[in-house]
Amino acid sequence: MDLEKLVPLVLYDDRCYLCIKFAKMINFLAKGRLRLVGHYTDLGKKLRDEVLDSSALSMFWFIDEKTAYGGRAALLPLFSAIISAKGYSENISVQESCDIGCKDTKAVFLRSASLLSNSRKIVLKN
């Protein structure tokens, strides 16, 4: 897979209410200069299969030219990219579909705890 044309990108859970809100916030802060890809889209599945490992679905990912950062490890590179990203602009349209249990307090707490407890860094092969 040729990542050069796709990066920088954020891979997020597009079936999770909180994750969708997070992706919308990232898109707003980056003014559309980062590509947002849902885990369950065709491109998301391809990225998970070819670039990431088995932990891919347990966290969001920020992928640049050289490295894929997951969860807590992705926060600093993501905010750095938000500040310095240029060029690419896309208005995303995110479907907000999830089951009834994804918006309650427990789900928000579990997802937030998951962000802080999961961290992964994968060096991409050139």
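Which residue forms a salt bridge with Lys 45, and how many Å apart are the closest N and O atoms? The partner is Asp 49, and the closest N and O atoms of this pair are 3.0 Å apart, where a salt bridge is a side-chain nitrogen of Lys or Arg within 4 Å of a carboxyl oxygen of Asp or Glu.

This is a predicted model, in which local features need pLDDT of at least 70 and side-chain atom pairs count only at pLDDT 80 or more, while totals for chains, interfaces and linings use all residues. Residues are numbered from 1 along each chain as its sequence is written, and side-chain values use heavy atoms, with hydrogens and water left out.

**Overall build**

The protein chain has four helices and five strands, these being DSSP runs numbered from the N terminus (helices are H or I with at least four residues, strands are E with at least two). Read from the N terminus on, the elements follow one another as β-α-β-α-β-β-α-α-β. Of the 126 residues of the protein chain, 42% count as buried; buried means under 20% relative accessible area, exposed over 50%, and partly exposed in between (1.4 Å probe, protein chains only). The accessible surface of the protein chain comes to about 7,600 Å², and 55% of that surface belongs to carbon and sulfur atoms, the areas coming from the Shrake-Rupley method with a 1.4 Å probe, with only the protein chains shown counting as cover for residues.

**The sheet and its helices**

Five strands form an open sheet with mixed pairing, in the order β2-β1-β3-β4-β5, and two strands are taken to pair if DSSP finds at least two bridges between them. The edge strands are β2 and β5 (119-123), each of which pairs on one side only. From one strand to the next, the twist averages 15°; axes are lines fitted to C-alpha atoms, for helices over the stretch in contact, and angles run from 0 to 180 degrees between N-to-C directions. Strand β3 (residues 61-63) pairs with strand β4 (residues 67-71) in the antiparallel sense over three bridges, and Trp 61 has Gly 70 as its bridge partner in β4. Helix α1 packs on the sheet, touching β1 and β2, and its direction makes about 165° with that of β1, contact meaning heavy atoms within 4.5 Å. Helix α3 (residues 75-84) also packs on the sheet, where it touches β1, β3 and β4, and its direction makes about 55° with that of β3.

**Salt bridges**

By the rule given above, the count comes to two salt bridges.

| Salt bridge | Closest N and O atoms |
|---|---|
| Lys 45 and Asp 49 | 3.0 Å |
| Asp 53 and Arg 120 | 2.5 Å |

Because Lys 45 and Asp 49 are four residues apart in helix α2 (residues 42-50), they are separated by about one helical turn. Lys 45 counts as partly exposed at 44% relative accessibility, whereas Asp 49 counts as exposed at 52%. The salt bridge of Asp 53 with Arg 120 links distant parts of the chain, with Asp 53 in the loop between α2 and β3 and Arg 120 in strand β5, 67 residues apart.

**Local backbone features**

The peptide bond from Val 7 to Pro 8 is cis, with omega near 0°, and Pro 8 lies in the segment before β1 (9-12). Lys 31 has a phi near 55°, a positive value in a residue other than glycine. Lys 31 is found in the loop between α1 (17-30) and β2 (35-38), and its relative accessible area of 64% makes it exposed.
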